[in-house]
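The stops below go one after another.

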Amino acid sequence: MLKSVRSVVQLRRFEFSKTTRRLNACGDLDDLRAIAKKRLPGGVFDYFDGAAEDEVTKTENSRAFANVELRPRILRDVSNIDTSTTIMGQPVPFPIALSPTGFTRIAHPQGELAVARVAGAMGLPFTLSTLGTRSIEEVAAVATGPLWYQLYVWKDRGLSRELVQRAKAAGYKSIMLTVDTPVFGRRERDVRRGFTLPPKIGLETFIDGILHPKWTWDFVRNEPITFSAVAGRADVDGSRAITLADYVNSQFDPTLSWKDLEWIREESGLPIMLKGIQCVEDALVAADMGVDAIALSNHGGRQYDGAPAPIALLPEVMQAVGNRIEVLVDGGVRRGSDVVKACALGARGVMFGRPYLYGLGAAGEPGVKWALDHITQGVTRTMALIGETSITHMSDGVVKRVRQ
Ligand SMILES: Cc1cc2nc3c(=O)[nH]c(=O)nc-3n(C[C@H](O)[C@H](O)[C@H](O)COP(=O)(O)O)c2cc1C
């Protein structure tokens with residue numbers, strides 16, 4: 001009897017690690033997001049997950065991928081699939097780079113170090129934000145893959161110069177200039193919660209902290225979270241609670257214009273990517289000015305509603321500048337099939353932010369790995385399912401149509 005039961009029912013081995021159990025039960029990034037939401041205090045989760053105004057742009061960034069329909073071919077040998085390419089001259093195993101995100105350590109004490117370690121182990125570029133909470137040098141010490149440095153230009157140009165030079169000295173390979181933040185967007189979840197960095201402890205935050213003891217214990221036990229790029233400068237290092245909007249609007253230079261590009265190029269001597277291009281005209285100016293790469297991006301919908309979804313903008317940008325400059329799609333990528341769709345439409349690659357933050361908030365470093373595995377495995381699987389064997393040489397007509 002026992003034998004016949006055993007022949008139809010197999011017992012699953014008990015998994016002792018709670019983190020692994022939690023991750024094993026995830027099917028997609030929404031599941032990872034749900035765990036992060038449960039584990040993080042509301043204000044912290046909303047800071048990562050939220051976007052500007054009615055969050056229409058954020059929603060549309062992901063939704064617009066559904067408008068791209070692929071045209072699969074069958075009975076082609078897909079036993080060897082090459083997903084490798086180069087981005088800004090650097091070889092990468094997948095057409096993927098990690099977008100910069102500020103104040104990452106608020107999700108997990110390891111913050112940028114955990115993300116850079118996972119990206120490095122997978123050979124994917126990690127971008128450290130100017131508003132990062134681990135220093136340029138700390139991240140360089142743990143990274144084994146390419147590093148890029150994201151620059152917001154400070155009103156204090158000397159400070160920008162110093163950061164670019166430190167990044168170069170530490171071996172960062174490119175400068176990513178974010179061009180969609182002349183002023184800070186209105187992120188209404190943060191406004192409602194009175195969210196500051198670091199968080200101010202009011203009654204609601206106190207209760208939220210008690211309801212999330214693991215996060216709170218980590219937060220109080222680890223060194224204070226500050227903007228590492230300017231550590232030790234009490235006026236700007238974020239050690240005094242301030243809203244991110246007040247910080248950005250008071251510190252970063254809204255006079256920034258195309259003519260400053262030359263200055264950044266000379267200071268760094270590194271390839272430059274402009275992140276935050278939102279129309280064909282600006283893509284053309286960037287190509288004319290000899291910029292190495294552009295990322296079509298609306299900051300993950302965190303600046304304003306009504307911005308074009310990067311994947312929807314891609315075809316017209318490719319038509320105008322495609323063979324003159326590398327074009328990346330940043331925002332809304334949640335699956336490997338999204339990566340394949342962007343590349344099929346001519347993008348050099350994609351970038352994303354929230355997917356790895358959900359992983360970090362849900363389970364620290366293993367959570368980041370789960371998010372990156374989910375997306376990279378999806379790239380290879382989708383390629384096989386549509387009968388394509390090279391991400392850089394997909395057949396003409398692999399995209400059937402882009403619905404409006
Ligand atoms: C919590 C958070 C912080 C961010 N901080 C920065 C930043 O410091 N600099 C920057 O250029 N972009 C920043 N971004 C935007 C990301 O680099 C990226 O454009 C965006 O996350 C892409 O959308 P996705 O989250 O849908 O992938 C941030 C995004 C999030 C979610």
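A residue counts as near a molecule if its C-beta atom, placed from the backbone, lies within 6 Å of it. Two notes on the source: this is a predicted model, where local features need pLDDT of at least 70, side-chain atom pairs count only at pLDDT 80 or more, and totals for chains, interfaces and linings use all residues. Residues are numbered from 1 along each chain as its sequence is written.

Start at the ligand. Around it are 23 residues, and Ser-99, Gly-102, Gly-300, Gly-353 and Arg-354 come nearest.

Next, select Phe-103. It sits in the loop between strand S4 (96-98) and helix H6 (111-122); helices (H or I, at least four residues) and strands (E, at least two) are DSSP runs, numbered from the N terminus. Is Phe-103 buried or exposed? Phe-103 is buried, because 22 other C-beta atoms lie within 10 Å. (Buried means 20 or more such atoms, exposed 12 or fewer, partly exposed in between; C-beta atoms are placed from the backbone.) Its phi is near 55°, a positive value. Most residues other than glycine have a negative phi.

Now go to Glu-53, in the loop between helix H4 (42-49) and helix H5 (56-63). Its phi is positive too, about 50°. With 17 other C-beta atoms within 10 Å, Glu-53 is partly exposed.

From there, pick Asp-305, in the loop between strand S9 (293-297) and helix H15 (310-321). Asp-305 touches Glu-53, and also Ala-52, Asp-54, Val-56 and Thr-57, not counting residues up to four places away in sequence. Touching means C-beta atoms, placed from the backbone, within 7 Å. Asp-305 is partly exposed, with 18 C-beta neighbours inside 10 Å.

Technical notes. Two residues are in contact if their C-beta atoms, placed from the backbone, lie within 7 Å.
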